[in-house]
Amino acid sequence: MSTQRSAWLAVVVLILWFPLAAQEAGVARTPPMGWNSWNHFRERVDDRTVRAQAEAMVVSGMKDAGYVYVNIDDTWEGQRDAKGLIQPNQKFPDMKALADYVHGKGLKLGIYSSPAAKTCAGYEGSRGHEEQDAETYANWGVDYLKYDWCQPGGTLREMKAAYGKMQDALKKTGRPMVFSLCQYGWHKVWEWGPSVGGNLWRTTDDIEDQYQAMAEIGFNQNGLERFAGLGHWNDPDMLEVGNGGMNEDEYRTHMSLWAMLAAPLIAGNDLTEMTPYTTAILTNREVIAVDQDPLGQQGSRVSQEGPFEVWAKAMSDGSKVVGLFNRQTTTERMSVNLSQVGIQKQASVRDLWLKQDRGTVEDSFSDFVPGHGVILVRMKQN
Ligand code: GLA
């Protein structure tokens with residue numbers, strides 16, 4: 001190959017590689033962890049609520065477990081001033097002071113907008129004001145932007161342009177911000193999310209606090225694993241753990257599945273009022289370690305027989321996390337052959353919810369799995 005051709009080739013490789021490399025080096029290297037106001041508070045979110053959640057994130061032990069983003073979702077937006085600068089509405093008297101408060105707790109602040117004229121809840125969107133808004137967020141000290149499509153339809157070209165425009169505006173501020181794309185998985189966003197700077201992208205419609213809705217979203221993520229990696233993640237939506245619509249087994253399934261999926265762990269409950277089991281589910285460090293593993297490999301299904309699904313996730317230390325998921329309502333015995341998850345003959349097994357070693361197993365592992373529940377284990381080749 002001529003020197004000139006090799007030089008051109010190097011340039012092309014660099015251009016293709018750079019967006020991913022930049023994401024790997026930047027924010028959200030592992031899936032972002034935090035809290036968001038929408039699932040529990042909807043339009044009732046205000047300054048006082050956000051401060052209380054930040055405080056509770058620290059006091060509950062969630063901060064120590066890795067949660068850091070405190071995210072305001074839709075309904076904070078007020079009008080634009082004469083210069084076109086967005087103002088918060090009366091629920092948020094001083095956004096900069098709020099950001100300072102959140103930062104003072106060692107946490108980070110997230111905000112929400114839309115590339116449309118109006119957000120999904122009918123508040124002021126960013127259309128035509130992208131640079132101004134990005135600059136305003138940076139001035140306030142915002143660390144995370146969820147950018148929600150909020151329009152019926154839209155072509156692939158329009159979406160890429162809209163998200164690309166905000167990516168450029170965010171870059172121009174010079175302030176690192178996590179960029180969260182929310183357009184419900186349309187036009188296979190996982191294929192182009194990284195090219196418009198997305199650190200995460202919603203892959204589905206909105207989650208609900210109900211087993212069937214959660215399970216349908218979670219289990220349907222199978223197949224998307226090759227699109228996730230360091231700095232760029234599939235987002236099956238925020239957690240419902242602790243909101244009251246599912247039982248303990250169902251919430252453990254929710255948390256286990258999201259961890260297997262290397263999904264963002266954005267709690268969506270009221271952190272100031274958690275039952276001990278809600279706190280225990282959200283702060284289980286062995287389960288969080290599955291989600292946050294530095295290999296950044298999203299897990300996938302290894303077998304399915306009707307309502308019985310076995311999932312596995314490769315970990316950076318060579319171990320495999322295996323989830324036995326029972327999607328029917330009665331307790332059933334389930335098993336997995338070690339060879340199905342790439343382990344030869346013998347493995348030592350640790351139960352991540354019981355936080356107990358289960359000894360050595362040979363050839364296969366089996367256990368009773370409660371209805372709508374999960375047995376989540378980490379297996380290491382012996
Ligand atoms: C959409 C999003 C939700 C939430 C609401 C706010 O429905 O998918 O996550 O942000 O808008 O209006």
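How many Å from an oxygen atom of the ligand does a polar side-chain atom of D74 lie? The separation is 2.8 Å, within the 3.5 Å limit set for a polar contact between N or O atoms. The model is predicted: local features need pLDDT of at least 70, side-chain atom pairs count only at pLDDT 80 or more, and totals for chains, interfaces and linings use all residues. Residues are numbered from 1 along each chain as its sequence is written, and side-chain values use heavy atoms, with hydrogens and water left out.

K146 likewise places a polar side-chain atom 2.8 Å from a ligand oxygen atom, and for D206 the corresponding distance is 2.6 Å. The protein covers 92% of the 310 Å² of accessible area that the ligand has on its own (Shrake-Rupley method, 1.4 Å probe). Around the ligand stand 13 residues, of which D73, D74, K146, D148 and D206 come nearest; a residue is near if one of its heavy atoms lies within 4 Å.

Elsewhere, six strands form an open antiparallel sheet in the order β11-β12-β13-β18-β15-β16. Strands are DSSP runs of E with at least two residues, helices runs of H or I with at least four, and two strands pair if DSSP finds at least two bridges between them. β11 (300-305) and β16 (356-362) are the edge strands, each with a single partner, so one side of each lacks a neighbour in the sheet.

Within this sheet, β12 (residues 308-314) and β13 (residues 320-326) pair over seven bridges in the antiparallel sense. A314 stands opposite K320 in β13.

Conventions: A polar contact is a pair of N or O atoms within 3.5 Å; within protein, one must be able to donate a hydrogen and the other to accept it, and residues adjacent in sequence count only if both atoms are side-chain atoms.
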